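Take a look at the protein below.

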Amino acid sequence: MKSLVLFLFLFVVGLWVTEGKRWTQGALRATGLPVTREGGDEQESAPLANDEDDSEVLDAIDEESDSEDGPVTGIPLFRKKPVDSGNSTRKGKSLGVLKSRKCRKGCFRTVSYIIRRRWFYFTAYKQIRIPCHNCCKGWSSMRGRCTDIDECTRNPCGAQGTCTNTQGSYTCACNPGFESNGIACIDKNKCTGNPCAAQGTNTNTVGSNTMACNPGFEFSGTTCTDINECTGNPCGPHGTCTNNIGSYMCACNLGFESDGITCIDINECTGFPCGVNEVCTNTPGSYTCACSPGYESKGTFCGDINECTENPCGPHGTCTNNIGSYRCACNLGFESNGITCIDINECTGFPCGVNEVCTNTPGSYTCACSPGYESNGQFCGDINECTGNPCGPHGSCTNNIGSYMCACNLGFESNGITCIDINECTGFPCGVNEVCSNTPGSYTCACSPGYESNGKVCADINECTENPCGPHGSCTNNIGSYMCACNLGFESNGITCIDINECTGFPCGVNEVCSNTPGSYTCACSPGYESNGKVCADINECTENPCGPHGTCTNNIGSYMCACNLGFESNGITCIDINECTSWPCGVNEDCTNTPGSYTCACSPGHESKGTFCGDINECTENPCGPHGSCTNNIGSYMCACNLGFESNGITCIDINECTENPCGPHGTCTNNIGSYMCACNLGFESNGITCIDINECTENPCGPHGTCTNNIGSYRCACNLGFESNGITCIDINECTGWPCGVNEDCTNTPGSYTCACSPGYESKGTFCGDINECSFLPCWDDQVCTNNIGSYTCACHPGYESNGNFCAAIG
């Protein structure tokens with residue numbers, strides 16, 4: 001029995017070992033784990049797929065490595081002892097760590113698993129990825145595998161290049177002017193090799209280089225080459241340019257010189273080439289001489305001009321001729337401006353009194369009261385402007401010294417002169433959809449265009465009821481307005497539908513002209529073309545000989561051209577005669593006359609034919625200037641130097657009617673004489689032999705001892721002393737008493753230049769006024785009379801029962 005039990009036990013153990021080995025190897029093959037031969041020999045193993053699912057392997061105990069190179073251990077289920085799943089077997093041989101595909105597939109370690117089959121448990125092994133700690137350069141460890149580092153995230157190439165990431169590294173595509181040093185983009189020195197050569201300077205800059213060519217050179221492709229300055233004609237029209245290496249040279253024409261850049265004119269006048277009393281004027285390449293101001297040509301020299309013959313000083317001064325100029329002695333109240341006698345503005349010296357305005361007059365001045373003031377005979381006093389009601393009906397006036405002030409009614413304001421209406425509409429006082437209209441002192445509100453009143457507010461008007469769009473469109477009413485939908489060929493101008501000018505879009509064909517029509521357009525052939533039924537074809541204008549008898553016509557497309565005969569030219573329509581005389585084809589001293597297709601030449605006036613040329617005629621042999629002048633022959637003409645009072649009319653010397661220029665001025669009458677004239681001067685003026693000048697009446701003191709005389713043109717003015725006034729001839733006493741200047745109960749007595757006040761009879765001075773005298777205190781009446789004092793006098797009356805008989809009071813009866 002014991003033997004049977006032992007047999008069964010050994011049988012079960014053997015079966016268990018056999019089945020366990022078979023099932024373990026099968027499970028390992030199924031899961032891709034390494035399989036070991038009996039005796040511990042290691043079989044060939046392969047790595048698992050990257051992300052293989054481990055769901056078929058049950059009861060994983062532990063996958064954590066306890067060190068970088070140490071074994072991975074696991075504790076099987078229901079076992080108290082740890083299962084050795086490290087790198088050694090019973091025979092000391094490694095089950096192995098799969099060789100890590102470094103930097104691509106990651107690192108691997110072996111871990112143990114317990115596999116359950118029926119009622120048996122087997123130990124299995126699996127290789128898994130664990131974090132690699134020795135990845136290649138450019139790789140990093142992440143969750144058990146080596147992954148590529150994207151170096152471009154830190155921009156190693158810099159701002160001068162573009163980074164491209166590669167497996168385990170990166171590349172730099174550098175910008176023009178930069179190159180890679182294997183790490184970043186750095187500046188490339190473009191100046192190596194001296195590309196500018198000897199004609200310029202090369203300066204390397206970051207990412208580029210600049211070539212500064214020497215003057216006279218320019219950059220061409222890769223180096224500096226000579227500039228041919230002469231192609232731009234720097235010497236100008238007055239010289240010839242020769243190009244040199246790096247520069248050029250100007251050979252200037254006569255009268256010009258080089259300033260180092262171009263040919264400029266020589267100012268010959270700096271050498272004073274002209275004669276005495278002459279002025280030099282520089283011209284391009286030369287110069288001209290002319291007589292100085294105040295001088296004129298005397299044939300071979302410049303002589304003095306007697307400017308006084310033309311009376312430059314005018315009617316208010318006397319001219320004195322000087323060598324090369326003249327001088328004006330101006331009348332009183334005038335002064336010279338260097339050319340003529342002009343009026344002196346005496347008002348600049350403020351000659352008038354207080355509250356007076358000065359007005360300048362020719363040779364003198366006048367004084368008038370300032371605005372707001374008027375004369376009272378002695379001085380300018382204030383005007384009460386309010387008497388004229390300047391503020392108008394809409395304000396009240398208050399007089400001020402020299403002015404006034406307006407207090408305007410409600411709705412009005414002062415503009416400094418009168419009361420004007422205030423425009424209340426500037427404050428927008430009306431309601432919505434209303435228009436404000438200003439009225440005198442107020443305003444009114446009315447509905448805006450497109451609105452009308454319904455009694456309460458301004459409501460929209462339906463404008464479409466009146467068909468504003470017209471027959472060429474349909475109307476749509478809007479709030480406060482309307483809109484037009486116009487028919488084809490029409491458009492809205494904001495009010496109605498108007499015709500569209502289709503011709504602005506050039507709708508017609510080639511050689512056609514567009515004409516706009518209402519709602520459409522028409523096309524017709526352009527001038528020079530006609531319709532052949534299909535297109536507009538060219539018209540042969542030459543069939544009508546438009547060039548005329550002096551040219552040949554050639555037809556062109558849409559036009560024609562005239563080839564004119566010799567002596568004729570085209571005006572764009574036909575052949576017309578050329579005026580050859582405009583180019584001065586004749587000789588010296590000859591006049592040209594144009595003829596059809598040609599011209600003729602004849603001697604100029606003052607010249608005659610000498611066979612082969614036109615020579616001068618000496619006109620002076622016939623004394624053309626007459627007895628009042630001397631003749632001087634000139635080339636082709638003659639000149640008359642006329643006597644004083646005579647002038648040349650281009651043929652002879654004739655009398656000058658000096659009176660045409662009114663030499664006597666406005667204060668006299670001129671009478672022309674042969675060779676001269678005479679002035680009959682007005683009252684207050686006298687002749688100085690040239691013109692009528694003012695007589696200074698003040699030399700005889702017409703104003704007398706009581707005034708100051710001021711001479712005026714043709715008269716004088718008296719500024720009389722205080723208390724005197726002018727009667728138009730002299731200063732006479734003012735009778736101040738006519739203005740009642742004295743007080744109450746005073747009598748005025750006029751005195752020369754003044755007046756005195758004394759108490760009237762019956763009054764006596766009381767210090768500051770004249771009071772009544774009580775004559776009764778002096779007993780002026782008879783003894784038998786009673787004295788009664790009155791204001792300014794007294795009365796004597798007899799006692800009752802008595803009457804005066806002329807000598808005394810006698811009893812009545």
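What volume does the largest pocket have? The model is predicted, and in it the largest pocket has a volume of about 1300 Å³. Its lining has 40 residues, and Cys308, Thr309, Glu310, Leu644 and Ile656 are the closest to the pocket's centre. Several strands give two or more residues to this lining: β19 (295-297), β21 (317-322), β54 (637-642), β55 (646-648) and β58 (676-681).

How many cavities of 30 Å³ or more does a search of the whole structure find? The search finds one. The largest cavity has a volume of about 50 Å³. Pro315, His316, Asn331, Pro666, His667, Phe685, Cys692, Ile693, Asp694 and Ile713 line the cavity. Strand β60 (residues 692-694) gives the largest share of this lining, three residues.

Here are the two linings by residue class.

Next, the hairpin. In which sense do strands β5 and β6 pair? Strand β5 (residues 161-166) and strand β6 (residues 169-174) are antiparallel, and six bridges join them. Glycine 161 stands opposite cysteine 174 of β6. Two residues lie between the strands of this hairpin. Glycine 168 takes a positive phi there, near 85°.

Notes
Residues numbered from 1 in each chain as written. Predicted model: local features only at pLDDT ≥ 70, side-chain atom pairs only at ≥ 80, totals over all residues. Heavy atoms only, no water. Pairing = 2+ DSSP bridges. Helix = DSSP H or I, 4+ residues; strand = E, 2+ residues; numbered from the N terminus. 1 Å grid on protein atoms, 1.4 Å probe; cavity = no way out; pocket = protein on both sides within 12 Å on 5 of 7 lines; lining within 4 Å. Points joined across faces, edges and corners; volume = space filled by probe spheres on them.
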